[in-house]
Amino acid sequence: MENMKDYQLNRTIFCIDLKSFYASVECVLKGLDPFNTPLVVADKGRGGGSIVLAVSPYLRKLGIPSRCRIFEIPENLDIIFAKPRMETYMEYSAKVIEVYLEFVSFDDLYVYSIDESLLDVTHYLKRYNLTARELAEKILNRIKEKLGLTATCGIGPNMLMSKLALDIESKKSPDFIGEWTYDDIPKKLWPVTPLSEMWGIGSRMEANLNDLGIYSIYDLAHFDVNYLKKLFGVMGEELYYHAHGIDMSLIQDKDRLRSKAKSFSANQVLFRDYTGEEILTIILEMVDEITRRLRMHRKKTRTIHLAIGYSKDFPGGFSRQITLDQPTHNETTIYQACLDLFERFYIGYPIRVVGISAGGLTDYDSYYQFSIFEDTQALEKEFILQQTVDSIKSKFGKNAVLRGSALKAESTIIARNGMIGGHNK
């Protein structure tokens, strides 16, 4: 058992991120240096309220965030606007993966996102007769040489540590490489504050931990792990061990890594103000998409979360969730849960943002107890219909079968189905 723990905790893992990926690709295609070019990836034709997908490293250095709206960018900059091209970015991402596969096998590679991957190079250092840092430099140089893109790399003894080295150190390092060992935890990780600066801690969990008097990673690492587990379940225990740099995950166990998804979500930033009645069409379309993904991954959900953001001239919005009596993947049930939340908390302001997530996931084949108030035959027919629609969409595309509501003026589904990740192909 000890040998297995040593095997899991003492690897050599690279976490490689492509710096300002979308903006850098646009600069490369235009023959420009992303570190000296004020380029923004956004569809200017949609108006000043359009979301900025990415900004060049040059603009990041000036303090302009990568996610904002066009109107928030200072007007005194000679901005170059590039309309998002998701298919192009995916092609470049695939070419970067080809570079990784020049150095490691597919089994030792985990693609975390379009611009970030993890490589287990433990057994390759001896083969190449290189140190971890030398191999990292070689891979980053190869990406630059072949594609013109700048990448950063975090090196650590496990996946978590490599990710922390990437986020906290490598992006600020002159050579874009950060290397952490367990001995670095006290001086490099424990001083980190606010807590949300650490990967895996969001603003909500940060607020919960602050309520306990935990404000730094040091505080978290020295808190009572049993009390954290009592309050937050397995996540509390996991956060405690993460504060000590401990992570037992292996890149080679890809199925388990992918199954760790805790929710499925959909979000939209609308390009005009929507009324409460109009937004119901958007909610229905988003529920359709989320339930399709649940069925694809053979999962059910028990927790439905709805977030509504009002137009900029009105304060806030709301973010609420509801726990169902039992897990489901049924569209009608999930849509009704969203309606219940909307009717309870909506106060009539114009709407600009909507988000839905399905959490509390369980396996598809989990036990379901029918209520005496449910029409079991109707539920079975709906399930068969949904599977048939899924099959048609899988074969002929998402727009092959649509609800009649897709023809309404407020519907966005046809346009969004022609995009990748909510952006133009």
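1. Threonine 150 is buried, at a relative accessible area of 12%; buried means under 20% relative accessible area, exposed over 50%, and partly exposed in between, with a 1.4 Å probe and protein chains only. Threonine 150 belongs to the loop that joins helix 6 to strand 7. Helices (H or I, at least four residues) and strands (E, at least two) are DSSP runs, numbered from the N terminus.

2. The side chain of threonine 150 has a polar contact with the lysine 144 side chain, at 3.3 Å. A polar contact is a pair of N or O atoms within 3.5 Å; within protein, one must be able to donate a hydrogen and the other to accept it, and residues adjacent in sequence count only if both atoms are side-chain atoms. Beyond its neighbours within four places in sequence, threonine 150 is in contact with Asp17, Leu18, Lys19, Phe35, Lys144 and Phe176, where contact means heavy atoms within 4.5 Å.

3. On the basis of the note: this is a predicted model, in which local features need pLDDT of at least 70 and side-chain atom pairs count only at pLDDT 80 or more, while totals for chains, interfaces and linings use all residues. Residues are numbered from 1 along each chain as its sequence is written, and side-chain values use heavy atoms, with hydrogens and water left out.

4. The mean pLDDT of the protein chain is 85, and 84% of its residues reach 70 or more; pLDDT is the predictor's confidence in each residue, from 0 to 100. Over residues 419–423 pLDDT stays under 50, and the model has eleven contacts for this stretch beyond four places in sequence. Caution is requested when reading that segment.

5. The protein chain has 17 helices and 13 strands. Of its 425 residues, 46% count as buried. Among contacts between residues at least 6 apart in sequence, 66% join residues at least 24 apart.

6. In what order do the five strands of the open sheet stand? The order is 5-6-1-7-8, with mixed pairing; two strands pair if DSSP finds at least two bridges between them. Strand 5 (109–113) and strand 8 (177–179) are at the edges with a single partner strand each, so one side of each has no neighbour in the sheet. Neighbouring strands of this sheet are turned by 15° against each other on average, direction ignored. Axes are lines fitted to C-alpha atoms, for helices over the stretch in contact, and angles run from 0 to 180 degrees between N-to-C directions.

7. Strand 5 pairs with strand 6 (residues 116–120) in the antiparallel sense, over four bridges. Within this pairing, leucine 109 has leucine 119 of strand 6 as its bridge partner.

8. Two helices lie across strands of the five-stranded sheet. Helix 6 (residues 132–147) lies across strand 1 (13–18), strand 6, strand 7 (151–156) and strand 8, at about 160° to strand 7. Helix 7 (residues 159–168) lies across strand 1, strand 6, strand 7 and strand 8, at about 135° to strand 7.

9. Helix 7 is largely enclosed by the rest of the structure because eight of its ten residues are buried. These buried residues are Met159, Leu160, Met161, Ser162, Lys163, Leu164, Ala165 and Leu166. The N-terminal end of helix 7 is capped by asparagine 158, which has a side-chain oxygen 3.1 Å from the backbone nitrogen of leucine 160.

10. A three-stranded open sheet has the order 3-2-4 and mixed pairing. Strand 3 (54–55) and strand 4 (80–82) are at its edges, each with a single partner strand, so one side of each lacks a neighbour in the sheet. Strand 2 (residues 39–41) pairs with strand 4 in the parallel sense over three bridges, and leucine 39 stands opposite isoleucine 80 in strand 4. Helix 2 (residues 21–30) lies across strand 2, strand 3 and strand 4, at about 120° to strand 2.

11. Some backbone values deserve a check. Most residues other than glycine have a negative phi, and most peptide bonds are trans. Serine 20, in the loop between strand 1 and helix 2, has a positive phi of about 45° and is buried at 15% relative accessible area. Asparagine 129, in the loop between helix 5 (124–128) and helix 6, has a positive phi near 55° but is exposed, at 68% relative accessibility. The peptide bond from threonine 193 to proline 194 is cis, with omega near 0°; proline 194 lies in the loop between helix 8 (185–189) and helix 9 (203–211).
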